Amino acid sequence: MNTRTLDQHIECTPEIAGGKPRIAGHRITVQNVVIWHESFGKSADEIANEYGLTLADVYAALAYYFDRREEIDRDITEHKAFIAMLRQEIPSKLKEKLR
């Protein structure tokens, strides 16, 4: 039986996912898991089943988040602000076509 310790579930690699902390062996970031859990209300079981993760992976991501909550919340806020700015500056081609 292969046993992984908590620190083996999360990794940061500069060339993958912009260096953001992610679940080892996946491109799923801790930030993704947090948004699915906190914003969309998905349970750890739902996240694990939907994305092919183990429960340990999901809980490790959430533990990592709660240890670094301020930093990750700031990243999420900055990302949302960037998206809002892009939406204002670049008009939706779909909306234009529907008009």
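This section describes the fold of the protein chain, the packing of its helices and the surroundings of selected residues. The structure is a predicted model, in which local features require a pLDDT of at least 70 and side-chain atom pairs count only at pLDDT 80 or more, whereas totals for chains, interfaces and linings use all residues. Residues are numbered from 1 along each chain as its sequence is written, and side-chain values use heavy atoms, with hydrogens and water left out.

The protein chain contains five helices and two strands, where helices (H or I, at least four residues) and strands (E, at least two) are DSSP runs numbered from the N terminus. The order of these elements from the N terminus is β-β-α-α-α-α-α. Along the principal axes, the C-alpha atoms occupy a box of roughly 60 × 25 × 25 Å. Among contacts (heavy atoms within 4.5 Å) between residues at least 6 apart in sequence, 38% join residues at least 24 apart.

Two packed helices are described by the angle between their axes and the distance between the axes. Here the axes are lines fitted to C-alpha atoms, for helices over the stretch in contact, and angles run from 0 to 180 degrees between N-to-C directions. Angles under 35 degrees count as roughly parallel, over 145 as roughly antiparallel, 65 to 115 as roughly perpendicular and the rest as oblique.

Helix 1 (residues 30–39) packs against helix 3 at an angle of about 95 degrees, with the axes 9 Å apart. Helix 1 is therefore roughly perpendicular to helix 3. Helix 1 contributes V30, V33, V34, H37 and E38 to this contact, and helix 3 contributes V58, A61, L62, Y64, Y65 and F66. These residues comprise nine nonpolar, one polar and one charged; Ala, Val, Leu, Ile, Met, Phe, Trp, Tyr, Cys and Pro count as nonpolar, Asp, Glu, Lys and Arg as charged, and the others, Gly among them, as polar.

Helix 1 and helix 2 pack at about 130 degrees, with their axes 10 Å apart. This angle makes helix 1 oblique to helix 2. The crossing of the two is right-handed; a crossing is right-handed if the near helix is turned clockwise from the far one by less than a right angle, and left-handed if anticlockwise. V33, W36 and H37 of helix 1 meet A44, I47 and Y51 of helix 2, a set of five nonpolar, one polar and no charged residues.

Helix 2 (residues 44–51) and helix 3 (residues 55–67) pack at about 120 degrees, with their axes 9 Å apart. Helix 2 is thus oblique to helix 3, and their crossing is right-handed. The contact involves A44, D45, I47 and A48 of helix 2 together with L55, V58 and Y59 of helix 3. By class, six of these residues are nonpolar, none is polar and one is charged.

Within helix 1, V30, Q31, V33, V34 and W36 are buried. The buried residues of this helix pack against strand 1, strand 2, helix 2, helix 3 and helix 4 (69–89). V33 has a relative accessible area of 0%. Beyond four places in sequence, V33 touches I23, I28, I47, V58, A61 and L62. The C-alpha atoms of V33 and A61 are 6.8 Å apart, although the two residues are separated by 28 residues in sequence. Q31, at a relative accessible area of 11%, touches K20, D75, I76 and H79 when residues up to four places away are not counted. Helix 1 is followed by G41, which has a positive phi near 70 degrees.

Most residues other than glycine have a negative phi. A17, which is not a glycine, has a positive phi of about 55 degrees. A17 is located in the loop between strand 1 (10–11) and strand 2 (22–23). R27, in the loop between strand 2 and helix 1, is exposed at 60% relative accessibility. R27 and A17 are ten residues apart in sequence and 6.3 Å apart from C-alpha to C-alpha. With neighbours within four places set aside, R27 is in contact with I16, A17, R22 and N32.

Notes. Buried means under 20% relative accessible area, exposed over 50%, partly exposed in between (1.4 Å probe, protein chains only).
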